[in-house]
Amino acid sequence: MNRVGLTFNSNHHLHDSLMNGYPCPENPLRIKNIMEYLKNSGLIDDENCRFYDALPASVNDILRVHTQEYVELIRTCTKDPRQSPGNDVYVCPSSFDVVLEALGCVLKAGDLVVSGECRHAFAIVRPPGHHAGPDSCSGFCIFNNSGILARYLREVKGLERIAIINIDAHASDGTYDAFEADTNVLCVSMHQDQKTLYPFKGFIRDIGVRPALGYCINMEMPTESGNPEYSLFYDEVVEKVLDKFNPQIVILECGFDAYYKEPLAKLNLTVDGYYRIIFKLASKWDVVTLLEGGYHEDLGLLASVVLRALAGFENVKDDVDQIDLLASRHVKTRKEFNNNLSLLKSRLEPYWGPWNRS
Ligand SMILES: [Zn+2]
């Protein structure tokens, strides 16, 4: 079995929109529920899956991705709760301390894997990060957790090939903005069709800019896509591109909002769908998993599924097989998916083709 290192930012509850007087789906209950579930799951032990402490990151770590001006904007906003630094982003007086601790957990997760202490890691942190670009933020994200980790691994640990894979329902637009011209970092985002979901970015045609054309991949998953579509995309594109890129580490932007119970999106992954993707990744590559979105009642269950997949344990039984069947029978969804897949493959042919099955 693989040893899996876990980190979480214990001060996350100090980042809470209720302090500003209004509720938000991105709230402390998310991690509270995950931690309670994992505590009772029987998965945490010294042998296979254990928690590690982490020191807070520094502002210099944030500056690996974000501009000084943007960092100052966030600081300023924390002093005045009436100010928001971006669309659907709140900050409160302790938010800066919370994000530094969250980033410390993210960097520690990377350290655990690079040092060989753990085969894989899972940083259970909030706020999420993948919508935050170098000088902007949106969608509950303040700083780009995965991007800062990738730059840290590149600049401090000397890694040359890092892959960032987004399975959150929303496009990983902040990560794209940070790495669109970077040939050391491959970014793959599979997300709900950007015509139907925030942030309305992440088109198939967006493949990065010179000199990194082809190093950003955006797959538009039609609404109602589920386990069969995700599996097909993984097998036919993700696996082949990863094999050619040969990353030294994979950072997984793991949002739980592609789940069939998610109120903010319309995708149909089940526990089995999540398990299959993460198990396949972890069987071949060293994976640092970062919590991104997910706003329903099963976050704890899905976090346990992540641990099972990373550790190499069997999955819990999926009691919603019918969702799989429904999704695969959804003719319109499958037709759109096949069209998108063909379009994506032809767009990426010069960089990662030929796509013939081996
Ligand atoms: Zn999301």
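**Burial of Asn-218 and the overall fold**

Asn-218 counts as buried, because its relative accessibility is 4%, where buried means under 20% relative accessible area, exposed over 50% and partly exposed in between, with a 1.4 Å probe and protein chains only. The structure is a predicted model, in which local features need pLDDT of at least 70 and side-chain atom pairs count only at pLDDT 80 or more, while totals for chains, interfaces and linings use all residues. Residues are numbered from 1 along each chain as its sequence is written, and side-chain values use heavy atoms, with hydrogens and water left out.

Asn-218 is placed in strand E6, residues 216-221 (strands are DSSP runs of E of at least two residues and helices runs of H or I of at least four, numbered from the N terminus). Residues up to four places away in sequence aside, Asn-218 touches Tyr-176, Ser-189, His-191, Gly-202, Phe-203, Ile-204, Asp-206 and Leu-344, a contact being heavy atoms within 4.5 Å. A polar atom of the Asn-218 side chain lies 3.0 Å from the backbone oxygen of Asp-206.

The protein chain as a whole contains 11 helices and eight strands. Its radius of gyration, taken over C-alpha atoms, is 19 Å, close to the 21 Å that the globule rule (2.2 Å times the number of residues to the power 0.38) gives for 358 residues, so the chain is as compact as a globular protein of that length. Along its principal axes the C-alpha trace spans about 55 × 45 × 40 Å, and buried residues make up 60% of the 358 residues. Of the contacts in the protein chain with a separation of 6 or more, 80% are between residues 24 or more positions apart.

Definitions and conventions:
A polar contact is a pair of N or O atoms within 3.5 Å; within protein, one must be able to donate a hydrogen and the other to accept it, and residues adjacent in sequence count only if both atoms are side-chain atoms.
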